[in-house]
Amino acid sequence: MKPAPESRSPTAWHALDAAAVTEKLGSDASEGLTTAAAIPRLARYGSNCLPPPRRRGPGLRLALQFHNPLIYVLLAAAAITLGLRDYLDTAVIVGVVIINAVIGFVQEGRAEQALEAVRSLLANRATVVRDGERHDIDAAELVPGDLVVLESGDRVPADLRLLQVRDLHIDEAALTGESLPVAKQVARVAASAAIGDRFDVAHAGTVVSRGQGRGIVVATGAATEIGHIGALVAGVGSLTTPLTRQLDRFARRITAFILVLGAVAFAWGRYVQHMAGLDIFLAVVGLAVAAIPEGLPAIVTITLAIGTNAMARQRAVVRRLPAVETLGSVTVICTDKTGTLTRNEMTAVTLLLPGRAVAVSGAGYAPEGGFQQAGAPLDPARDAPLLALARCALLCNDARLHRTDAGDWRLSGDPTEGALLTLALKAGLAVREETAAAPRVDEIPFTSEQRFMATLHHDHSGRAFILLKGAPETILPLCLTDAAGGPVDRAAWEARMQAAAAAGERLLALARRELPDAPGILTLDAIAPGFTLLGIVGMLDPPRPEAVSAVAQCREAGIRTLMVTGDHAATATAIARQLGLAGDQPLTGAVLESLDDAALAARIATTDVIARASPEHKLRLVRILQAGGELVAMTGDGVNDAMALKDADIGVAMGRRGTDAAREAADLVLTDDNFATIAAAVRGGRTVFDNIRKSLLFILPTNGGEAGVILLALFAGLALPVTAGQILWINMVTTVTLALALAFEPTEPGTMQRPPRPPAEPLITRAFLGRILYVSLLMMATTFGVFEWELARGNGIETARTAGAVGQRCGDRSATAVHLHAARATAVSGDAAGYLVLAGDPGGRAGDFHRGGGGEVAVRAPGPTHGSRPLNRRPAKNRFMRQLSCGHRVAAPGIIPAD
């Protein structure tokens with residue numbers, strides 16, 4: 001039997017020095033483990049793989065799709081109709097149940113792929129030193145104590161405590177949210193350091209951007225940071241949506257109500273009216289069938305599906321149908337910064353030149369934009385200092401940009417160098433011409449210890465020069481003069497740099513030194529005081545322009561945006577200001593851990609920025625907000641977002657840059673990675689809920705009226721005006737068919753100007769219930785009136801019941817003008833302005849349809865003439881209403897937006 005991997009190690013490996021780590025793990029820093037030592041460790045710790053999750057079998061998952069009170073009611077209705085030998089209605093009801101079960105089964109199966117996506121992040125192969133020799137082995141065979149070799153482009157196969165590094169930079173964006181590759185070191189860090197600050201550790205699943213390194217394995221499989229995230233994802237339960245919770249509550253209540261009402265009706269008919277047992281039983285069956293809204297699941301499913309298709313056209317792919325409605329109800333959006341609110345592309349935004357500052361426009365790696373000084377456009381071709389800085393940025397650079405077939409610009413290399421190369425292209429420099437005019441002879445690559453990169457060049461006249469770029473604190477001491485010819489004023493430059501750093505900019509200094517001769521190699525001895533400071537470049541990962549307007553739209557809609565990022569507080573605050581978020585007092589992960597739940601809830605209310613956040617922090621934030629009554633959406637794209645995406649009321653993942661783990665854990669995937677798409681999806685979600693409520697307001701009065709007719713007949717000792725079979729047919733054929741048209745209703749005006757509906761608001765409000773009762777009473781009066789009238793004319797009871805069923809429809813549809821007008825008013829929070837109920841000549845009868853000569857359809861109802869409106873702009877409703885107008889005098893009236 002395969003052993004289970006040990007639990008996550010409590011040892012703070014990042015706080016131990018390299019010698020202590022090697023000794024503690026019984027390994028060797030140069031020879032690694034012996035093969036003999038590795039075999040028992042593999043048996044002890046298990047394979048370097050995430051353990052397979054415990055999953056419910058397909059049969060159990062399918063069976064659980066029927067574990068719902070409303071489904072129980074529908075199955076009971078199917079059993080009743082089967083007992084009545086009404087096989088068609090039985091087939092309809094069973095079909096609805098099966099369709100809902102299949103949809104739920106498929107969606108749940110796809111959602112459970114989240115853990116598999118996390119598991120796939122572990123590398124397949126690893127280069128390991130055993131017995132003093134390098135071997136390429138299956139990464140699953142790694143054990144704690146193994147010595148692993150890392151090269152540029154490698155995926156880290158396990159959690160490693162680094163022993164040797166050479167210019168080692170690792171992209172940890174998927175794990176920590178850090179927008180730039182992290183420079184690694186050997187020196188230990190504090191035990192309290194967050195994951196993003198553990199510079200002496202390489203985490204499993206991250207990617208080596210450049211450089212080389214060696215590290216000793218300290219955790220494998222489930223004990224790694226990614227394994228820990230996978231365990232959290234597996235342990236997070238799938239929360240139901242507000243709509244499903246309310247429908248579930250409604251189904252339970254209506255079930256209990258039907259049972260109690262049926263028992264009371266049976267006792268009344270048997271012991272008060274002294275009806276025969278079979279008669280009273282059939283009457284109670286009719287009552288149950290009448291009260292059950294058989295068509296409700298079908299209408300809800302169809303409405304959600306229509307909303308899903310509409311969102312897909314707007315680049316928002318819904319993975320679970322109920323998520324459509326949930327997104328329209330959210331009150332807080334917790335969003336990652338890197339790649340979600342920002343472009344995840346470093347961009348030069350400021351140039352600090354001697355005595356002046358130049359602003360750079362444009363975002364990302366596309367060489368589009370320009371230069372401005374004091375708000376005025378600047379021509380780089382006529383600005384020698386600016387061109388000198390741009391030329392240094394181009395030549396002292398290893399990055400490459402290329403354009404894809406789709407027209408996007410892609411970077412090969414370090415993001416910082418990509419920003420510098422884009423800057424040079426914006427200045428009008430051409431890569432081929434510049435590199436040909438001043439070819440590179442030698443270089444000193446960037447290392448985290450030196451914190452600079454230097455290149456040696458010569459021109460075709462034999463002159464040689466050194467270009468230098470690096471951290472300002474490293475470059476400034478090497479510069480004696482600036483590009484203007486004056487001495488370097490260290491205090492003035494440092495003051496300017498502090499102002500730029502306070503704005504969240506990452507700073508890089510560039511310098512040049514002329515050489516008297518043309519050496520063939522570049523040594524560290526040449527990197528000495530004597531350089532000319534060309535300037536300092538300030539860079540940002542800029543916010544998406546459309547994200548700024550999207551945040552404003554969400555605010556107008558009463559939705560709060562909360563930035564939760566693994567980046568530094570200063571950088572997050574700067575981005576927050578540009579987005580219009582409250583980030584002057586950011587909450588850091590370290591402070592978050594020191595607060596209890598009550599204090600954290602109060603602290604969250606004062607800021608929109610949480611920086612240096614770990615996966616556990618994000619999960620805790622979601623749960624704190626939910627405990628406070630908020631409906632939370634979580635957006636993200638990294639592995640570190642997966643469990644919060646799954647735990648939130650709705651998870652929104654980025655489709656392009658997003659990891660498989662994030663996409664599979666989410667309910668909604670944005671195919672364009674655009675935060676602005678969320679605002680459009682919220683609008684679509686609100687439209688879906690509005691249309692579902694309209695459908696409910698259309699369906700429920702029918703059930704109320706039908707149940708009321710049977711109750712009144714029982715308590716009054718009268719013959720039943722309608723049978724159970726007639727009720728089912730009416731519900732499934734007319735009610736569902738007519739209510740379906742409401743699923744195509746367009747978005748109401750002001751949808752994104754009203755606040756989110758309160759999560760605790762019941763599905764059936766008092767006003768909603770009042771309208772249902774009004775229409776139900778009208779239906780009851782019409783049904784009894786027609787039924788008794790037919791009996792009085794001497795017709796048989798079957799004929800009278802048929803007429804009663806038709807009369808019931810007439811009563812229902814006669815009230816629909818007021819009925820649907822109220823539904824629209826409800827959808828726009830009581831404001832029905834902008835909608836018109838069409839009426840016809842005073843002699844017309846309620847519900848009459850007439851086709852105009854110009855292809856228009858009008859509804860005729862008693863009252864003064866108000867005219868009609870062409871419906872050609874709404875093809876779906878045109879087709880539906882015209883079908884009704886062909887021979888049917890009773891149908892839903894037209895309520896259309898007034899011009």
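Two strands are said to pair if DSSP finds at least two bridges between them. Strands (E, at least two residues) and helices (H or I, at least four residues) are DSSP runs, numbered from the N terminus. The model on display is predicted: local features need pLDDT of at least 70, side-chain atom pairs count only at pLDDT 80 or more, and totals for chains, interfaces and linings use all residues. Residues are numbered from 1 along each chain as its sequence is written, and side-chain values use heavy atoms, with hydrogens and water left out.

**Stop 1: strand β18**

Select residues 464–470, which form strand β18. Seven of its seven residues are buried, where buried means under 20% relative accessible area, exposed over 50%, and partly exposed in between (1.4 Å probe, protein chains only). Display the side chains: A464, I466, L468 and G470 point one way, while F465, L467 and K469 point the other way.

F452 has G470 of β18 as its bridge partner. Five residues lie between the strands of the β17 and β18 hairpin, and there G462 takes a positive phi near 95°.

**Stop 2: salt bridges**

Remain at β18 and select K469 together with E417. These residues form a salt bridge, with the closest N and O atoms 2.8 Å apart; the term denotes a side-chain nitrogen of Lys or Arg within 4 Å of a carboxyl oxygen of Asp or Glu. The pair links distant parts of the chain, since E417 belongs to helix α15 (residues 415–426) and K469 to strand β18, 52 residues apart. Both E417 and K469 are buried. By this rule, the count comes to 27 salt bridges.

Select K618 and D336 next, whose side chains meet in a salt bridge (3.9 Å, N to O). K618 is in helix α23 (residues 615–627) and D336 in the loop between β9 and α13 (337–341), 282 residues apart. Both of these residues, K618 and D336, are buried.

Proceed to helix α18 (residues 490–502), where R490 and E494 lie four residues apart, about one turn of the helix. Their side chains meet in a salt bridge (3.5 Å, N to O). R490 is partly exposed, with a relative accessible area of 36%, and E494 is partly exposed at 34%. Salt bridges that share partners also join D167, R210 and D414 into one network.

**Stop 3: an open sheet**

Select the eight strands of the open sheet, whose order is β8-β27-β26-β25-β9-β22-β24-β23 with mixed pairing. Its edge strands, β8 (316–318) and β23 (587–588), each pair on one side only. Inspect β9 (residues 332–335) and β22 (residues 560–564), which run parallel and are joined by four bridges. Here T335 has M563 of β22 as its bridge partner.

**Stop 4: helix α9**

Finally, select helix α9 (residues 242–272), the place of V272. Which is V272, buried or partly exposed? V272 is partly exposed, with a relative accessible area of 43%.
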